[in-house]
Amino acid sequence: MKFLIINGPNINMLGLREPVIYGKQSYSALVELIKRTAEDEGIEVELFQSNHEGAIVDKIQEAYSVFDGIVINPAAYTHTSVAILDALKAVSIPAVEVHISDVSKRDDFRQISYAGKACIKTYMGLGFDGYVEAIRYLKGYLSHAAGERSFDLK
């Protein structure tokens, strides 16, 4: 199994950016956690972070026929990018959305997720652990789809 992990704008500033909301751990700590989780789960991962919407769209399009699943934290583009939504829909790769903070308890403008409309599940407010949960869920979802074992799709 091969997953693409996409992080949007300002995720590279973790640890510096609003630590009360996003925590004090750095982006490199997140990368290490994702790599360790993937290794433990027997999943090959590629990580990608960009502050540019078009680069994220390009990466999603390039994922077609290369990756089995996508874990995406579109960050601020969550609430604005129909382009990312359309790219996720175009490639039809199962995707799980992650948000470090609980966006449902934040600003009114953060209450819509365009990318989430193309995702099979969303994790929010779990900090870095949301990525761990997303990777494990996606692995189970894909294993179930392949008929490998039973899986609770809730």
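A salt bridge is taken here as a side-chain nitrogen of Lys or Arg within 4 Å of a carboxyl oxygen of Asp or Glu. The structure is a predicted model, in which local features need pLDDT of at least 70 and side-chain atom pairs count only at pLDDT 80 or more, while totals for chains, interfaces and linings use all residues. Residues are numbered from 1 along each chain as its sequence is written, and side-chain values use heavy atoms, with hydrogens and water left out.

Secondary structure elements are DSSP runs numbered from the N terminus, with helices (H or I) of at least four residues and strands (E) of at least two. Two strands are treated as paired if DSSP finds at least two bridges between them. In general, strands of a sheet pair through backbone hydrogen bonds, either parallel or antiparallel. In this model, five strands form an open sheet in the order E2-E1-E3-E4-E5, and the pairing is parallel. Strand E2 (44–49) and strand E5 (121–124) are at the edges with a single partner strand each, so one side of each has no neighbour in the sheet. From one strand to the next, the twist averages 20 degrees.

Strand E1 (residues 2–7) runs parallel to strand E3 (residues 69–73), and five bridges join the two. Within this pair, Phe3 stands opposite Gly69 in E3. Helix H3 (residues 53–62) packs on the sheet and touches E1, E2 and E3, where contact means heavy atoms within 4.5 Å. The direction of H3 makes about 160 degrees with that of E2; axes are lines fitted to C-alpha atoms, for helices over the stretch in contact, and angles run from 0 to 180 degrees between N-to-C directions.

Under the salt bridge rule, the count comes to four. One of these joins Glu44 and Lys2, with the closest N and O atoms 3.8 Å apart. This pair links distant parts of the chain, as Glu44 is in strand E2 and Lys2 is in strand E1, 42 residues apart. Accessibility is classed by relative accessible area, with buried under 20%, exposed over 50% and partly exposed in between (1.4 Å probe, protein chains only). Glu44 is partly exposed at 47% relative accessibility, and Lys2 is partly exposed at 22%.

A salt bridge between Glu46 and Lys59 has its closest N and O atoms 2.5 Å apart. Because Glu46 belongs to strand E2 and Lys59 to helix H3, the pair ties together parts that are 13 residues apart in sequence. Glu46 has a relative accessible area of 29% and is partly exposed, whereas Lys59, with 15%, is buried.

The side chains of Arg136 and Glu41 also meet in a salt bridge, at 3.2 Å from N to O. Arg136 lies in helix H5 (residues 129–145) and Glu41 in helix H2 (residues 27–41), so parts 95 residues apart in sequence are tied together by this pair. Arg136 is partly exposed, at 42% relative accessibility. Salt bridges with shared partners join Glu41, Arg136 and Lys139 into one network.

Tyr77 is located in the loop between E3 and H4 and is buried, with a relative accessible area of 18%. Apart from neighbours within four places in sequence, Tyr77 is in contact with Pro9, Asn51, His52, Glu53, Ile56 and Ile84. Tyr77 and Ala115 are separated by 38 residues in sequence and by 8.2 Å in space, C-alpha to C-alpha.

An unreviewed UniProt entry lists Asn73, His79, Asp86, Ile100, Ser101 and Arg110 under "binding site". UniProt positions are given in the numbering used here, feature names are shortened, and annotations may be inferred rather than shown by experiment. Of the listed residues, Ile100 is in the loop between E4 and E5 and is buried, with a relative accessible area of 7%. Beyond its neighbours within four places in sequence, Ile100 is in contact with Leu14, Tyr22, Asn73, Gly125, Leu126, Gly127, Phe128 and Tyr131.
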